[in-house]
Amino acid sequence: MLERKRKVPKRIAQTVLNSLKGGVVPRIGLPYITVGRKAEIEALLHDVDIISEGGASFRFVVGRYGSGKSFLLQTLRNYVMDKNFVVVDGDLSPERRLQGGKGQGLATYRELIQNLSTKTRPEGGALTLILDRWINSVQTEVAQETGLDNSNPVFQEKVTKKIYEVIANLNELVHGFDFAKLLNMYFEAYLADDGETKAKVVKWFRGEYTHKTEAKKELGVSVIISDDDWYEYLKLFALFFRQAGYAGLIIMIDELVNIFKIPNSISRQYNYEKILTMYNDTLQGKAKYLGIIMAGTPQALEDRRRGVYSYEALRSRLAAGKFSEEGARDMYAPVIKLKPITAEEMLVLTEKLAEMHANLYGYQKTITDQDLAKFIKIEYARIGADTKITPREVIRDFIELLDIVWQNPKTNIEDLLNSDKFSYAKSEAVSDKSNDDYTEFEI
């Protein structure tokens with residue numbers, strides 16, 4: 001049964017409709033419009049359970065531009081934040097890679113940390129919140145155990161001891177000593193109400209120190225997060241977040257095509273080598289409480305000359321086995337290939353969008369179930385639609401249709417749907433989109 005009565009707050013409806021019409025994925029309101037992808041979501045949620053128990057996972061989500069990769073990632077992002085995970089997400093670009101000689105890897109790290117999100121801070125920038133919450137939770141725990149308050153010296157001693165227990169667990173890991181030293185520095189600044197030192201420590205954690213001499217002068221540490229080791233610090237963050245009361249850390253990286261586009265073959269290989277390191281860490285138990293999801297187009301993954309599969313060590317690990325075929329996919333394989341959204345699922349989505357549009361603008365919905373069915377039939381009847389049509393194209397067409405009908409009350413929906421312009425205008429474009437890999441936005 002279609003969910004006709006679920007009212008969407010106007011602020012969320014406005015954001016969702018504007019984002020979808022503009023060809024981008026909204027970061028809020030996704031539960032109101034999610035359809036399909038049941039098998040893919042269940043497989044990724046299975047990974048989430050493993051991560052929360054101390055494991056690690058690595059997945060590739062592969063699909064054409066507009067097929068729903070970013071939508072799937074954002075849906076999962078919202079779900080895992082509700083499950084008390086910390087999430088960092090970001091898109092690769094010419095300036096942001098996994099590895100680079102001009103700081104492109106560090107730029108990716110900064111983007112991820114900037115977007116660090118929790119359930120209570122879903123818009124990003126949650127690092128300071130997490131650090132303060134960690135210290136507050138330790139203080140609360142000690143107060144409950146001892147009955148003392150923070151004016152008692154014994155209370156402070158016990159808080160310090162518990163903080164040091166967390167820090168000590170990180171010391172033996174790669175870069176753990178420096179990481180723990182900065183955590184301790186933040187804790188001491190917190191107790192002393194030293195906002196300046198706290199800000200400097202957060203600056204260090206964000207990877208914003210570019211020279212070791214600057215970090216030495218301001219914090220007394222002679223190391224900084226660099227282009228080569230930024231991923232090691234994300235592993236440390238995953239362990240720290242767990243000990244700070246969270247379920248773990250999920251890393252989401254989109255737009256792998258930007259590695260595919262790197263013109264220099266050696267630079268591409270360095271980036272694929274970094275992916276191999278991350279992949280091996282998750283499968284060999286070298287990372288804990290950590291999930292990594294990377295998304296890209298089929299070409300970015302499978303092209304033997306420039307894609308991920310051009311790096312033989314990755315191709316041999318990721319290529320589908322002999323028994324995988326259409327209709328019998330292994331959803332626990334490292335690569336999840338997105339199937340096209342069915343016409344039935346798209347019909348459900350258009351119904352949700354029609355209700356949302358009518359509620360937002362305060363009018364009685366005039367588009368009928370028959371109109372919706374005809375719209376979907378026309379969209380999916382276009383040449384090549386069985387393999388080439390994407391949710392983004394259908395959604396943008398539909399929201400445009402809703403806008404036109406609402407803004408022009410005398411317009412007849414039946415006439416619009418029957419017009420040659422609507423029925424045939426995009427047939428040629430839909431039939432051949434082999435060069436679609438460089439579109440900028442994605443739903």
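Helix axes here are lines fitted to C-alpha atoms over the stretch in contact, and angles run from 0 to 180 degrees between N-to-C directions. Keep that in mind for every helix pair on this tour. The model is predicted.

**Stop 1: a helix pair to start**

Select residues 195–205, helix α8, and residues 212–219, helix α9. Their axes lie 11 Å apart, and the packing angle is about 155 degrees. Angles over 145 degrees count as roughly antiparallel. α8 and α9 are therefore roughly antiparallel to each other. The crossing of α8 past α9 is left-handed.

Now show side chains. On α8, pick Lys200, Val201, Lys203 and Trp204. On α9, pick Glu214, Ala215, Glu218 and Leu219. These residues make the contact. Color them by class: four are nonpolar, four are charged and none is polar.

**Stop 2: from α8 to α5**

The crossing is right-handed.

Which residues of α5 make the contact with α8? Leu127, Thr128, Leu131 and Asp132 do. From α8 come Lys198, Val202 and Phe205. By class, the contact of α5 with α8 has four nonpolar residues, one polar and two charged.

**Stop 3: from α5 to α6**

- In α5: Trp134, Ile135, Val138, Gln139, Glu141, Val142, Ala143, Glu145 and Thr146.
- In α6: Phe155, Lys158, Val159, Lys162, Ile163 and Val166.

The class count for α5 with α6 is nine nonpolar, two polar and four charged.

**Stop 4: the sheet**

What is the strand order of the open sheet? It reads β2-β3-β4-β1-β5, five strands with parallel pairing. Look at the edges next. β2 (86–91) and β5 (335–337) each have a single partner strand, so one side of each is left without a neighbour in the sheet. From one strand to the next, the twist averages 15 degrees.

**Stop 5: strand β1 and its partners**

Select residues 56–62, strand β1, and residues 290–296, strand β4. The two pair in the parallel sense over seven bridges. Walk along them. Ala56 stands opposite Leu290 in β4. Further along, Arg59 faces Ile293 of β4.

Now bring in β5. The pairing of β1 with β5 is also parallel and has three bridges. Pick Phe60: its bridge partner in β5 is Val335.

Is β1 buried or exposed? Seven of its seven residues are buried. In a regular strand, side chains alternate between the two faces of the sheet. To see this in β1, color two sets. Ala56, Phe58, Phe60 and Val62 point one way. Ser57, Arg59 and Val61 point the other way. Both sets are buried, Arg59 included.

**Stop 6: helices across the sheet**

Helix α12, residues 265–283, lies across β1 and β4. Its direction is at about 130 degrees to β1. Then select helix α4, residues 104–114. It lies across β2 and β3 (249–254), running at about 135 degrees to β2.

**Stop 7**

Zoom in on Gly68, in the loop between β1 and α3 (69–82). The relative accessible area of Gly68 is 8%. The cut-off for buried is under 20%, so Gly68 counts as buried.

Which distance separates the C-alpha atoms of Gly68 and Ile341? It is 8.6 Å, although the two residues are 273 residues apart along the chain.

**Last stop: the whole chain**

Zoom out and show everything. The protein has 21 helices and five strands. Of its 443 residues, 51% count as buried. Among contacts with a separation of 6 or more, 72% join residues 24 or more positions apart. The pair Gly68 and Ile341 is separated along the chain by 273 residues.

Definitions and conventions
Residues are numbered from 1 along each chain as its sequence is written. This is a predicted model: local features need pLDDT of at least 70, side-chain atom pairs count only at pLDDT 80 or more; totals for chains, interfaces and linings use all residues. Side-chain values use heavy atoms; hydrogens and water are left out. Two strands pair if DSSP finds at least two bridges between them. Helices (H or I, at least four residues) and strands (E, at least two) are DSSP runs, numbered from the N terminus. Contact means heavy atoms within 4.5 Å. Buried means under 20% relative accessible area, exposed over 50%, partly exposed in between (1.4 Å probe, protein chains only). Ala, Val, Leu, Ile, Met, Phe, Trp, Tyr, Cys and Pro count as nonpolar, Asp, Glu, Lys and Arg as charged, and the others, Gly among them, as polar. Angles under 35 degrees count as roughly parallel, over 145 as roughly antiparallel, 65 to 115 as roughly perpendicular and the rest as oblique. A crossing is left-handed if the near helix is turned anticlockwise from the far one by less than a right angle, and right-handed if clockwise.
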